[in-house]
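The sequence and structure are shown first.

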Amino acid sequence: MWRSPAPPATANVRQRSNPPCPTEGSDAAATPDQHPDLERTALKGPPRADVPKSTSRGAVAEAHVMTAIIGIAGSLRRGSYNARLLRACAALAPRELEIGIASIAEVPLYDGDVEREQGVPGPVAQLKDEIARAQGLLLVSPEYNNSMPGVLKNAIDWLSRPPADIPRVFRNKPVALLGATPGRGGTRLAQAAWLPVFRTLGMRLWTGKQLYVAGAGEVFAEDGEVVDEAVRRLLTEFVAGFAEFVAGTPRP
Ligand SMILES: Cc1cc2nc3c(=O)[nH]c(=O)nc-3n(C[C@H](O)[C@H](O)[C@H](O)COP(=O)(O)O)c2cc1C
């Protein structure tokens, strides 16, 4: 599940420090996938509630791990660029930060009848607990039709049930958002679409950097490694910035 990044090559990433440029429109396009399925997206393996060991860079002393967050990629696709991006974040994270990668693959479609009759499904309840225990949430979202993908929105919707549990799971939870697309827009419209969701759930969005990975077909090697030097550098800065933000956020 964990990998170290490969040596970088070309740059194809968009990131800017705040404030964002509000005048630059998205050039995101519904672009067909450029890569075949390159790998099985292995997103299993939720983070431990206690201080976990990082396996992303080999053996890291537990003493250095001070912050544990959970990462979720919003794609079920084998070879998902966004799943690769999440794994790259974990691999490039500072040693004091542990990024546990969770899966939404077992989250069913939301059904109010199921909720009323059976309650929240087991995989949803488990994921809720994992998010509640984590000090922050790293969401890696594809862009579909200039918005967020339904599969990830569906998962967040289930995770917000019942509403009385939202404070435990989401309120004041630091959240960072990024995404990758083979198109040119870098998921900027999807990222904008997530903002009201985070606000509704009472999350604390980290706005220190914005990261839009465009042209994802050239960013990742066939084995999923990041081969773009700029992406690697900006990802490293992004994760380090979020780690600082999370570490500075009081725990409930
Ligand atoms: C239904 C659908 C709509 C899409 N719409 C967009 C879009 O609006 N903007 C974009 O950049 N890419 C769009 N794409 C292309 C996705 O960015 C691409 O499939 C990407 O690889 C999905 O992320 P993943 O690799 O993590 O699965 C769309 C893909 C699908 C299947």
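Angles between axes of 65 to 115 degrees count as roughly perpendicular, while those under 35 degrees count as roughly parallel and those over 145 as roughly antiparallel. The model discussed here is predicted.

**The chain**

Seven helices and seven strands make up the secondary structure of the chain. Their order along the sequence is β-β-α-β-α-α-β-α-α-β-α-β-β-α. The chain has 252 residues, of which 42% count as buried. Among contacts with a separation of 6 or more, 85% are between residues 24 or more positions apart.

**Helix 7**

Helix 7 spans residues 229–247, 19 residues in total. From first C-alpha to last, helix 7 reaches 27 Å, close to the 27 Å expected at 1.5 Å a residue. Its buried residues include Leu 234, Phe 238, Phe 242 and Val 246. Arg 232 of helix 7 is also buried.

**Helix 1 against helix 7**

Two packed helices are described by the angle and the distance between their axes. The axes of helix 1 (residues 81–92) and helix 7 come within 9 Å and cross at roughly 70 degrees. The two helices are therefore roughly perpendicular to each other. Helix 1 passes helix 7 in a right-handed crossing.

| Helix | Residues in the contact |
|---|---|
| Helix 1 | Ala 88, Cys 89, Leu 92 |
| Helix 7 | Arg 232, Leu 235, Thr 236, Val 239 |

By class, this contact of helix 1 with helix 7 has five nonpolar residues, one polar and one charged. Arg 232, Leu 235 and Val 239 in helix 7 are buried.

Notes. Residues are numbered from 1 along each chain as its sequence is written. This is a predicted model: local features need pLDDT of at least 70, side-chain atom pairs count only at pLDDT 80 or more; totals for chains, interfaces and linings use all residues. Helices (H or I, at least four residues) and strands (E, at least two) are DSSP runs, numbered from the N terminus. The expected span of a helix is 1.5 Å times one less than its number of residues. A residue is buried if 20 or more other C-beta atoms lie within 10 Å of its own, exposed if 12 or fewer, and partly exposed in between; C-beta atoms are placed from the backbone. Axes are lines fitted to C-alpha atoms, for helices over the stretch in contact, and angles run from 0 to 180 degrees between N-to-C directions. A crossing is left-handed if the near helix is turned anticlockwise from the far one by less than a right angle, and right-handed if clockwise. Two residues are in contact if their C-beta atoms, placed from the backbone, lie within 7 Å. Ala, Val, Leu, Ile, Met, Phe, Trp, Tyr, Cys and Pro count as nonpolar, Asp, Glu, Lys and Arg as charged, and the others, Gly among them, as polar.
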